[in-house]
Amino acid sequence: MSDIRSRYTDSLHFFGKHSPAELVEKWGFPLYVYNENVLRARCRELKALSSHAGYMVNYSVKANANPVLLGIIREEGLVVDAMSPGELYLDRMAGFAPSEILYIANNISQQEMRHALDAGLLISVDSLSQLETLGRINKGGRVMVRFNPGIGAGHHQKVITAGKETKFGVTPDLLDDVLAICRAHDMQLAGINHHIGSLFMEADGYIAAAEVLLHLAERLPAAVLHGMSVIDFGGGFGIPYHKYENQPRLDMDDLGRKLHALISGWAEKTGYTGRFLVEPGRYVVAECGIILSPVNNVKYNGDTCYVGTDVGFNVLARPAMYDSFHDVEIYAGPAGASHREDKEQTIVGNICESGDILAKKRLLPAMHEGDILGILDAGAYGFSMSSSYTQRCRCAEVLIAADGQARLIRRRETPEDLARCYAV
Ligand code: LLP
């Protein structure tokens with residue numbers, strides 16, 4: 001069996017000592033496969049962006065919350081966020097201490113605030129009324145406030161998280177109100193944060209937004225500024241999804257130079273001695289994850305060649321939700337690798353909706369039943385956004401460890417798992 005389109009994973013020895021076919025045979029499909037070396041390399045690149053003493057990378061767990069991956073991320077010296085009790089639970093399971101977890105809240109209940117406070121976390125709130133609510137239950141405590149810098153960015157309208165058209169953050173004109181509410185409840189403003197959106201491929205927008213947040217910090221009374229311990233610029237670091245078109249990577253040297261100059265210069269100017277955080281999710285985990293699944297069916301409807309797989313939007317929501325592009329590799333099945341001319345094909349899943357499209361009209365080598373597909377860059381917002389729609393069980397997850405050996409890091413769900421919560 002030779003592979004038809006596998007140059008990218010071959011160059012990384014992504015599957016270690018195994019072939020995609022072996023992995024699928026052993027653990028079934030669809031299967032999320034992660035590569036430890038790739039994950040560690042991304043963590044190290046992010047850590048190297050600045051050598052400023054207070055600089056830290058706060059991994060945004062919403063991208064992928066598997067506790068084994070979180071454990072590796074922790075070993076690499078990153079800290080984490082949480083935005084739900086579930087994420088907090090998994091962060092703790094992976095060994096993060098409360099001081100290493102930032103609770104980034106959006107429209108949460110008082111009960112959830114209490115839960116995070118009881119766990120000993122610093123909470124970031126993103127409205128005056130949430131600040132009031134927290135103040136009432138956390139008198140004399142610490143708080144972080146998320147601002148909306150007015151600059152938004154992102155790969156799709158649905159992931160732009162700043163600017164007037166979004167629900168996020170406190171606008172900077174309300175800074176005095178923030179300070180008044182903190183004073184009224186004797187709360188210390190321990191930090192400020194923002195997140196402008198997801199997937200930028202050039203440094204400048206991110207740096208410009210960071211400058212806006214720092215200008216806002218300069219408007220704080222000196223005692224407040226010097227008491228602060230966290231300034232968090234959010235995530236959004238993009239990855240090149242078009243692997244086979246050699247899409248350029250985000251220039252991390254350029255970003256690092258600009259970020260380092262900005263934070264070290266600003267700290268020197270203001271005397272701020274706290275932390276500066278970046279909060280990437282996608283950049284940390286996207287490229288370490290691939291979904292493997294066989295081709296079940298090839299058919300024509302009119303002129304369109306449909307390649308049917310088990311990778312519905314229950315397995316990978318991004319293409320159906322945002323029209324996102326994921327590159328595809330093809331590993332030959334029983335039909336072998338010969339006579340594979342390129343042709344336009346649309347890869348679809350097994351869900352009962354016409355929007356269940358994984359890859360639209362792609363010019364790829366002709367696929368046959370039994371070939372195994374690799375859906376690239378699925379490590380971020382892949383498993384974490386997967387569902388059991390149509391009561392399909394969520395996938396298994398496998399890790400290719402640094403020594404090339406594969407091991408199961410989440411078993412495949414069973415119908416019994418699906419049934420467990422019903423009160424019949
Ligand atoms: N911090 C905050 C407060 C966030 O809301 C997010 C993502 C991040 C950090 C991490 O952003 P990243 O570095 O991963 O871009 N499901 C979408 C992405 C949604 C991101 C939401 N917030 C996707 O699949 O593209």
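Predicted model: local features only at pLDDT ≥ 70, side-chain atom pairs only at ≥ 80, totals over all residues.
Local features need pLDDT of at least 70 and side-chain atom pairs count only at pLDDT 80 or more, while totals for chains, interfaces and linings use all residues. Residues are numbered from 1 along each chain as its sequence is written, and side-chain values use heavy atoms, with hydrogens and water left out.

Colleague: How many aromatic pairs does the structure hold?

Modeller: Rings of Phe, Tyr and Trp (its six-membered ring) pair if their centres lie within 6.5 Å; planes under 30 degrees apart count as stacked, over 60 as edge-to-face and the rest as tilted. The number of aromatic pairs in the structure is 12.

Colleague: What is the angle between the planes of Tyr32 and Phe383?

Modeller: The two rings form an edge-to-face pair, 5.8 Å centre to centre. The angle between their planes is 85°.

Colleague: Is Tyr32 buried or exposed?

Modeller: Buried means under 20% relative accessible area, exposed over 50%, and partly exposed in between (1.4 Å probe, protein chains only). The relative accessibility of Tyr32 is 0%, so this residue counts as buried.

Colleague: Which class describes the pair of Phe313 and Tyr389?

Modeller: The ring centres of Phe313 and Tyr389 are 5.7 Å apart. Their planes lie at 20°, so the pair is stacked.

Colleague: Over which ring does the charged end of Arg362 sit?

Modeller: A charge sits over a ring if NZ of Lys or CZ of Arg is within 6 Å of the ring centre and within 35 degrees of the ring normal. At 3.7 Å from the ring centre, the charged end of Arg362 sits over Phe325.
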